[in-house]
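Reader: I would like a close look at a single part of this model, followed by whatever else can be said with care about the way its chains meet.

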Amino acid sequence: MDLQINAHMSWIDFAVIGAYLAFMLFIGYYVSRKMSNFDEFFIAGRTMTTPILICTLVSTYYGIDVLFGTSELGFNEGIVAWFGYSRPAYLFFIIAAFLLTNRLREHNYRSLPDVLERFYGRPTGVFGALASFVYALPSLGLFGLGKVFEVIFGMDPRIGAILFGGVALVYTLMGGLLADALTDTVQFVLMCVTLAIAIPLVMSHVGGFDYVARNLPGTYFEPLGGVPVWLVIAYASTGLSILVEPAFYQRIFAARSGREVRNALLIGILLWSAYDWCVTAGGMLAQAAVHAGILPADTHPNTALLRVVVFALPAGLTGLFLAGVLAAEMSTIDSYCLVAGGNVVYDIYRPVFDPKADDARLSRLTKWGIVLSWGLGFVLAFYFSRLLALWVFMSTILTATVFVPIMAGLFYKGRKTKLAGLLASAGGMLTAIVYYILIHQLGSPNDEYGTYIWSFTLWGRPVSLWQEYAIFFSLPLSLAGFVVGNLLGRTVQAPPADEAAA
Amino acid sequence: MNRWDLFTWVAIVVLFVGSIAVFVAFLMDLGGILRKISKD
């Protein structure tokens, strides 16, 4: 029988959660009174400094997918969650800090597709906007919020997704990126502080890592655990998406300078690594708690961390921790809704249908775009059952479509053609989609890893293709498309900075 | 103390102290950010 979390909660816990939600709405209302143009709504008037960038970057990237996904991996496999899955991402953040930010600040871009449009023209920009839109749909976040609601209240997760996700939607509609960033800041403190308080209490209840080491298999302490090497590489390669991440780009454009972003990333890496380890440790401690009989044997790996923390915390702190869990996800949902809404209106509707749209019209339509992305995200949210698998699919589509053309645009000084951008982006996206369809048609589901695997024999040797390996095919084909397009197409003359930023 | 316990304690301190320090720095910047955003 599963642990009923609300049985461990008092009225103080529910009051803390209610106060948190009310405060988020107040911030949205307060900021909405200061907004006067599209730049202020969409990129906060380029006013962000290092501390607010740290808060919004850390909280935006780290939602329930990390809290539950990484702790799930820690619960099932051990320290590989940190060494194999989380740690490679820091390398990409360092690359972004030192190589990417200044390049992206050379022009007054407003979005990731702006960058593509400048180098390769409108069609490639639209492909980039489509990939960014798919990536930014808040399905993962809404699914996570629903799951938290179900675990806490034992009710339909869709109600929780509507309730908590609805609050994030409302304050984002009211105050745009600044409301998003200010709420992110409160959410950042909540999610970090509550986790830092919870883990020592869990360690105390379970008996620390001495108990974990005595009672869990030795593979839990191997950096690659029992996970296939190619799967670890596939997970690690999702870190490539950091270099082309639309919410990250939006924050680079919203910063006061490239230096502020670089400093924010370097401090952020320290906090991310600490957060990741606490979550990994929490997953392993939850597994030990199952072994000790503190948690029931049928505890789901996805929610094991949440359950063991709620078990360990006293009244009041439980509500604060659950507010921190909600904060982790709401800070992700608001940011990606804004990105996806901007993709629909600023990156697709404006250049294709209404190039002369003024600020008021762009702001108004972007709000409708935000609502659209929230609605689509909600529909998708309850189709996928595995958090990590969904995350890998979304980041694969983004990386396959925009990684090669953006990196080539920013760093390749040689000849670049419109056709190269188009073939690289369209080729990468289509390869990733076809690969996923093929693996789902020809392969079979694997319950242990929650994925699809197509196993066959090639030249007498067994071969297993996982759906997560899509990036290994789509990225080389995207690069091939770029090379072919460069050979066949005509050279693009990049427009001056002001024109590109218009 | 197990070395993984020690590693976890270091992460806890970094997370707790770091997040509070960043929040204090944010509060010091907040006035300036709000002043730069124009009013209707």
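Reader: In which loop of chain A is the place of Trp459(A)?

Author: In this predicted model, Trp459(A) sits in the loop of chain A that runs between β2 (451–458) and β3 (461–466). Its phi is near 50 degrees, which is a positive value in a residue other than glycine. Because exposed is taken as over 50% relative accessible area, Trp459(A), at 80% relative accessibility, counts as exposed. A positive phi is also found at Arg46(A), where the angle is about 50 degrees although this residue is not a glycine, and Arg46(A) belongs to the loop between α2 (38–43) and α3 of chain A.

Turning to the interface, 44 residues of chain A are in contact with 27 residues of chain B, and the two chains bury about 3100 Å² between them, with 77% of that area on carbon and sulfur atoms. On the chain A side, the residues that lose the most area to chain B are Lys34(A), Thr47(A) and Trp277(A), which together make up 18% of what that side buries. Between chain A and chain B the count of salt bridges is zero, while four residue pairs, both members at pLDDT 80 or more, are in polar contact. Several helices of chain A each supply at least two residues to the side that touches chain B, among them α3 (50–61), α5 (80–104) and α13 (258–292), and α9(A) gives the most, with 13 residues. By residue type, that side of chain A divides into 33 nonpolar, six polar and five charged residues.

Methods
Residues are numbered from 1 along each chain as its sequence is written. Chains are lettered from A and ligands numbered from 1 in the order in which they are written. This is a predicted model: local features need pLDDT of at least 70, side-chain atom pairs count only at pLDDT 80 or more; totals for chains, interfaces and linings use all residues. Side-chain values use heavy atoms; hydrogens and water are left out. Contact means heavy atoms within 4.5 Å. Buried area is the accessible area (1.4 Å probe) that two parts lose on being put together, summed over both. A salt bridge is a side-chain nitrogen of Lys or Arg within 4 Å of a carboxyl oxygen of Asp or Glu. A polar contact is a pair of N or O atoms within 3.5 Å; within protein, one must be able to donate a hydrogen and the other to accept it, and residues adjacent in sequence count only if both atoms are side-chain atoms. Helices (H or I, at least four residues) and strands (E, at least two) are DSSP runs, numbered from the N terminus. Ala, Val, Leu, Ile, Met, Phe, Trp, Tyr, Cys and Pro count as nonpolar, Asp, Glu, Lys and Arg as charged, and the others, Gly among them, as polar. Buried means under 20% relative accessible area, exposed over 50%, partly exposed in between (1.4 Å probe, protein chains only).
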